[in-house]
Amino acid sequence: LDIGYSLLVIGYSTDMKITVIGAGSYVFGATVLRDVIQRHRLQDATLALVDLNEEVVGMMAALGRRMAADLNVDCSISAHRDRLEALPESDFVILSACPQGERRWKMDCDILEQAGLPGQRRECGGLGGLSNALRAISLALDVCRDIERHCPKALLLDVTNPMPRVVTAVNRFTTVKAYGFCNAAFGGPIGYDHTGFYFVRNPVGYDGISGELADKGFITAAA
């Protein structure tokens, strides 16, 4: 997952506004700060961090400002509890949030365990993935309605799982263009070679494509 490089590849200058919904995440919130400020030093960028947990998102914004000051990166970073404050004039909206994620996930697991279906406790597939998808898609569509009203030209960059289902729903049922990002794609010694198996093709034939994808650092997922 390299959000900063992907933004440049898509065709924008460093002077952009990026709104991050779910920025209180210590995984994805910190990843965006690292990519934008440390790795790619996006001068003049505006980062609007949004999270329902006001204390945590404030800490993330403070961390970002400290990083920017230490690295001499001239960017603006703000913290918000309400996404409607942050969305206007956004070029990109990064979605890394799921409604009551941990609580609802535990409820799914408990129900499936009681039903004798522990093997369906999954984030992206099976019955667990379906339940997770219904929650995540509902939030994504709500966010996209706000994007359509307040920043209709913005692109949605989704990292919320199940990512392919979320991105497909957004592209199919809204006017917002969505792309999916997954940091798991960089894991393991074989890189993207495993992609061939999903398309019933010889994975060796994906060497060239894998190299290009890895070099650009992103994969798009669309209907």
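This is a predicted model: local features need pLDDT of at least 70, side-chain atom pairs count only at pLDDT 80 or more; totals for chains, interfaces and linings use all residues.
Figure 1. Among contacts with a separation of 6 or more, 74% are between residues 24 or more positions apart. The secondary structure consists of nine helices and six strands.

Figure 2. The strands form an open sheet in the order 3-2-1-4-5-6, and the pairing is parallel. Its edges are strand 3 (76-80) and strand 6 (178-180), each of which pairs on one side only. On average, and with direction ignored, neighbouring strands of the sheet are turned by 20 degrees against each other. In general, the strands of a sheet pair through backbone hydrogen bonds, in either a parallel or an antiparallel sense.

Figure 3. Strand 5 (residues 155-158) pairs with strand 6 in the parallel sense, over three bridges.

**Figure 4. Helix 3 across two strands.** Helix 3 (residues 54-71) lies across strand 2 and strand 3. The angle between helix 3 and strand 3 is about 175 degrees.

**Figure 5. Charge over the ring of Y179.** The view shows the charged end of K177, which sits over the ring of Y179 at 5.8 Å from the ring centre. As for pairs between aromatic rings, a search of the whole structure finds zero.

Figure 6. G22 lies in the loop between strand 1 and helix 2. This glycine counts as buried because its relative accessibility is 7%, under the limit of 20%. Apart from neighbours within four places in sequence, the residues in contact with G22 are V50, D51, S96 and A97. The C-alpha atom of G22 is separated by 9.1 Å from that of N53, a residue 31 positions away along the chain.

Figure 7. R41 and D44 are both found in the loop between helix 2 and strand 2. R41, a residue other than glycine, has a positive phi near 45 degrees. D44 is not a glycine either, and its phi is positive at about 70 degrees. R41 counts as partly exposed because its relative accessibility is 40%, between the limits of 20% and 50%. D44, with a relative accessible area of 44%, is therefore also partly exposed.

Figure 8. N161 and P162 are joined by a cis peptide bond, with omega at about 0 degrees. P162 is found in the loop that runs between strand 5 and helix 7 (163-173).

Key
Residues are numbered from 1 along each chain as its sequence is written. Side-chain values use heavy atoms; hydrogens and water are left out. Rings of Phe, Tyr and Trp (its six-membered ring) pair if their centres lie within 6.5 Å; planes under 30 degrees apart count as stacked, over 60 as edge-to-face and the rest as tilted. A charge sits over a ring if NZ of Lys or CZ of Arg is within 6 Å of the ring centre and within 35 degrees of the ring normal. Two strands pair if DSSP finds at least two bridges between them. Helices (H or I, at least four residues) and strands (E, at least two) are DSSP runs, numbered from the N terminus. Axes are lines fitted to C-alpha atoms, for helices over the stretch in contact, and angles run from 0 to 180 degrees between N-to-C directions. Contact means heavy atoms within 4.5 Å. Buried means under 20% relative accessible area, exposed over 50%, partly exposed in between (1.4 Å probe, protein chains only).
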